[in-house]
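Here is a short report on one protein chain. Keep the structure open while you read, and find each residue as it is named.

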Amino acid sequence: TKRIFLNGVEVASAPDQGYVPNQVRDLHIGGGGDMGTQYFFDGSIDDGALWDIALEEGQILDIMDLGAASVPDNMVAHWKLDEPDGTTGAGSIKDSSGGGFDGNPPRLPLAPGEPGANDKTGTSIAFSNAAIHVPYNAALNPETFTVTLWTKPEAADLAKLAYRSRIFD
């Protein structure tokens, strides 16, 4: 079952329609499509993480209040997105889980050092028509998984998010 939580409350769910794990593509934070060059998110993203299990609702609430590091069991990758301004170069978006799944920042526009989700998660990165690419690894594509992240969309992006949520339903 696919489930979406907003502010710790489940807002949508749908039965699995034959999900097949990604076999070859990089993971994209802030962009979609096969190459991460479509469906860009305009706004800030903080504290992204991936687990190889379906987390329980209580764990999701802990993550919302305390940050992703508060649920370390089964964590595959954790991108705090606390990198300083001027971050460049391959692998410079760090995976703090110890898994080594560092990401490659895009060409501008990307602005590190923005306010984050709360005092437990540090800073965020502001995206505008850009995505972070994490090189493909089978461990980033489990059959059962949970992805969490904090987002603060720009006002113009809210209509796109509402439209996409209707597609999900």
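Trp79 touches Leu27, Ile29, Asp47, Gly48, Ala49, Ile93, Lys94, Asp95, Phe101, Gly103, Val134 and Leu140, leaving aside residues up to four places away in sequence. A contact here means heavy atoms within 4.5 Å. Trp79 is also one of the residues with the most contacts inside the largest nonpolar core, along with Ile132 and Leu140. That core has 16 residues. Strand 4, strand 5, strand 7 and strand 8 each supply at least two residues of this core. Strand 5 gives the most, with three residues. A second, separate core has nine residues, including Phe5, Ile60, Ile63 and Val71. A nonpolar core is a set of buried Ala, Val, Leu, Ile, Met, Phe, Trp, Tyr and Cys residues joined through side-chain atoms within 4.5 Å. In soluble globular proteins, nonpolar side chains tend to be buried together.

A word on the source. This is a predicted model: local features need pLDDT of at least 70, side-chain atom pairs count only at pLDDT 80 or more, and totals for chains, interfaces and linings use all residues. Residues are numbered from 1 along each chain as its sequence is written, and side-chain values use heavy atoms, with hydrogens and water left out.

**The overall plan**

The protein has two helices and nine strands. From the N terminus on, the elements run β-β-β-β-α-β-β-β-β-β-α. Helices (H or I, at least four residues) and strands (E, at least two) are DSSP runs, numbered from the N terminus. Of the 169 residues, 37% count as buried. Buried means under 20% relative accessible area, exposed means over 50%, and partly exposed lies in between (1.4 Å probe, protein chains only). The protein exposes about 9,600 Å², and carbon and sulfur atoms supply 53% of it. These areas come from the Shrake-Rupley method with a 1.4 Å probe; for residues, only the protein chains shown count as cover. Now look at contacts with a separation of 6 or more: residues 24 or more positions apart account for 63% of them.

How many of the nine residues of strand 4 are buried? Nine of the nine are, so strand 4 is largely enclosed by the rest of the structure. Two strands pair if DSSP finds at least two bridges between them.

| Partner of strand 4 | Bridges | Direction |
|---|---|---|
| Strand 5 (residues 75-79) | Four bridges | Antiparallel |
| Strand 7 | Three bridges | Antiparallel |
| Strand 9 (residues 146-153) | Seven bridges | Antiparallel |

Follow some individual pairs. Trp51 has Met75 in strand 5 as its bridge partner. Gly43 has Pro153 in strand 9 as its bridge partner. Ser44 stands opposite Ala126 in strand 7.

Stay with Ser44, which sits in strand 4 (residues 43-51). Is Ser44 buried or exposed? Ser44 counts as buried because its relative accessibility is 9%. Beyond residues up to four places away in sequence, Ser44 touches Glu114, Ser124, Ile125, Ala126, Trp150, Thr151 and Lys152.

**Out at the surface**

Ile4, Leu6, Val9 and Val11 form a nonpolar patch on the surface. Together they have about 350 Å² of accessible area. Patches are made of residues with over 30% relative accessible area and no salt bridge; like charges are joined within 9 Å, and nonpolar side chains (Val, Leu, Ile, Met, Phe, Trp, Tyr) within 5 Å. A salt bridge is a side-chain nitrogen of Lys or Arg within 4 Å of a carboxyl oxygen of Asp or Glu. Strand 1 (2-6) and strand 2 each supply at least two residues of the patch. Val9 is found in strand 2. Val9 is partly exposed because its relative accessible area is 49%.

Asn7 lies in the loop between strand 1 and strand 2. With a relative accessible area of 63%, Asn7 is exposed. Its phi is near 55 degrees, a positive value in a residue other than glycine. Asn129 also has a positive phi, of about 55 degrees, although it is not a glycine. Asn129 lies in the loop between strand 7 (124-127) and strand 8 (132-134).

Val24 lies in the loop between strand 2 (9-14) and strand 3 (27-29). Its relative accessible area is 60%, so Val24 is exposed. Val24 and Asn141 are 117 residues apart along the chain, and their C-alpha atoms are separated by 9.6 Å.
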